[in-house]
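The following exercises are to be worked with the sequence and the coordinates at hand. Each task is followed by a solution in steps.

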Amino acid sequence: MTLTVLNFKGGQGKTSIALSLAEHFQLGIIVNEPYSSVGLALEQDSYFYAKNKLPNADNVVYDFGGGVSAIMLEAIRQSDFVIIPTLPEAADLYVTEQCYRSVKEHVDLEKIIVVANKCRAKDFASVVE
């Protein structure tokens, strides 16, 4: 299984979700940011930093932030699912929408899962919208 957890905005819960999925499904983790907080949870030799090129790997979780890049596109195209976490605040939703629009151009819609983090029932409608 190959999963990508991404959003263009930080602080949405990408790394927490990626770490949980990797542990639950016993997957490796590949990050695209040199200062990823995944390093706080794992030893440096327990994950891979993909600077310019993805390693040839299966059974991984890509924990990707930032804007669209060639390696991000490669990761989402080979993923079984693309998970886009978001918070319910307007600025978070705005950037998440930009991320969703960028991703949906490259993968089937049924592969995209938007996760509403820290969302109360009253906030859920704005996330869905």
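**Exercise 1. Contacts along the chain**

Among contacts in the protein chain between residues at least 6 apart in sequence, what percentage join residues at least 24 apart?

Solution. The model is a predicted one, in which local features need pLDDT of at least 70 and side-chain atom pairs count only at pLDDT 80 or more, while totals for chains, interfaces and linings use all residues. Residues are numbered from 1 along each chain as its sequence is written, and side-chain values use heavy atoms, with hydrogens and water left out. A contact requires heavy atoms within 4.5 Å. Of the contacts between residues at least 6 apart in sequence, 67% join residues at least 24 apart.

**Exercise 2. Overall dimensions and fold pattern**

Determine the order of the secondary structure elements, and compare the radius of gyration with the globule rule.

Solution. Step one: helices (H or I, at least four residues) and strands (E, at least two) are DSSP runs, numbered from the N terminus. The protein chain has five helices and six strands, in the order β-α-β-α-β-β-α-β-α-β-α.

Step two: the radius of gyration is taken over C-alpha atoms, and the globule rule is 2.2 Å times the number of residues to the power 0.38. For 129 residues a compact globule would have a radius near 14 Å, and the protein chain agrees because its own value is 14 Å. Along the principal axes, the C-alpha atoms fill a box of roughly 40 × 30 × 25 Å.

**Exercise 3. Strand β5 and its partners**

Which strands pair with β5, and in which sense?

Solution. Step one: two strands pair if DSSP finds at least two bridges between them. Strand β1 (residues 3–7) runs parallel to β5, with three bridges joining them; here Val5 stands opposite Ile83 of β5.

Step two: five bridges link β5 to strand β6 (residues 112–116), again in the parallel sense. In this pairing, Pro85 is opposite Val115 of β6.

Step three: buried means under 20% relative accessible area, exposed over 50%, and partly exposed in between, with a 1.4 Å probe and protein chains only. Five of the six residues of β5 (residues 81–86) are buried. In the protein chain, buried residues make up 42% of the 129 residues.
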